Amino acid sequence: MSPEAPILEVEGLKKHFGGLKALDGVSFSIHPGEILGLAGPNGSGKTTCINAISGVFRVDGGQIRYLGQPIQHLPAYRRVRHGINRTFQVPRPFLGLTVLENVMVAATYRGGRNVNPRHILEDIGLAEHADRPARSLNSSQQKMLGLARALATHPRLLLVDEIGAGLNPVELSSMAERLRSYAEQGMALLVVEHLMDFLDRVTDRLLVMDAGNTLFSGKLQQATEDSRVIEAFLGG
Ligand SMILES: Nc1ncnc2c1ncn2[C@@H]1O[C@H](COP(=O)(O)OP(=O)(O)OP(=O)(O)O)[C@@H](O)[C@H]1O
Ligand SMILES: [Mg+2]
């Protein structure tokens, strides 16, 4: 495929939970080296979107193409092997394993690439905690561990679910810089976030969802002036 081709194309994505349309025809694409911000009120379908792309469940309609190929039939672990991984809104480490062991387990899911779990922990700032049980980490450290585990699988497409929530201003700045540096190295990122200031530091490309639909797609600056977006966030 050409260097200009998107790494991810999502078209008319649908996911129902009983009568609830969590995704009702969402479409977007991301190129290598690009960051797409995804915002929207609580319950608008942001995490469902990440779950659909990462393969937590099968979708009920639409297409997910990765590197030009449909992937919606693939189980999650195979998507990880192809280079798709994600972080969780609520971190889910193996609490009884050490920090290092958590990264080592994640690394086993990515076949054929050399991964040094200690280097990843050094890079992410958790090296001094490597031998502590994951349950002893505070919540921002658990978020960093979640990111370290995703990085251990060498993602080409990284789906980040509200990693900014609960971080202090200094941590937020360094996280924004970190995500941008991943994109500069060619990674594609979908960054779900409520914090507009944080998104503004990460990207100017934004999708806003409401009730499973795309409410807005374009420049972040324009979104903050869009009456539909303001109404969805502030209830008018
Ligand atoms: N596994 C599930 N079973 C049933 N309903 C679900 C499931 N996952 C999500 N939902 C529902 O789908 C809708 C979208 O949820 P989702 O978690 O994607 O929202 P969100 O935009 O990530 O919200 P938040 O900002 O609060 O994280 C919500 O109404 C939610 O209750
Ligand atoms: Mg969510």
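## Exercises on a predicted model

By class, the shell around ligand 1 holds three nonpolar, eight polar and one charged residues (Ala, Val, Leu, Ile, Met, Phe, Trp, Tyr, Cys and Pro count as nonpolar, Asp, Glu, Lys and Arg as charged, and the others, Gly among them, as polar). This is a predicted model, in which local features need pLDDT of at least 70, side-chain atom pairs count only at pLDDT 80 or more, and totals for chains, interfaces and linings use all residues. Residues are numbered from 1 along each chain as its sequence is written, while chains are lettered from A and ligands numbered from 1 in the order in which they are written.

**Exercise 1.** Find which element gives the most residues to the shell around ligand 1.

*Solution.*
- List the shell: F17, L20, A22, G40, N42, G43, S44, G45, K46, T47, T48 and Q89 (C-beta atom, placed from the backbone, within 6 Å of the ligand).
- β2 and α1 are the elements that give two or more residues (helices are DSSP runs of H or I, at least four residues; strands are runs of E, at least two; both are numbered from the N terminus).
- α1 gives the most, with three residues.

**Exercise 2.** Determine how the buried residues of helix α4 are arranged around its axis.

*Solution.*
- The buried residues of α4 (residues 117-124) are P117, I120 and L121 (20 or more other C-beta atoms within 10 Å of a residue's own, with C-beta atoms placed from the backbone).
- Seen down the axis, these residues fall within an arc of 100°, so they line one face of the helix (the arc is that of the directions from the helix axis to the C-beta atoms).
- Just after α4, G125 has a positive phi of about 85°.

Terms used: A residue is buried if 20 or more other C-beta atoms lie within 10 Å of its own, exposed if 12 or fewer, and partly exposed in between; C-beta atoms are placed from the backbone.
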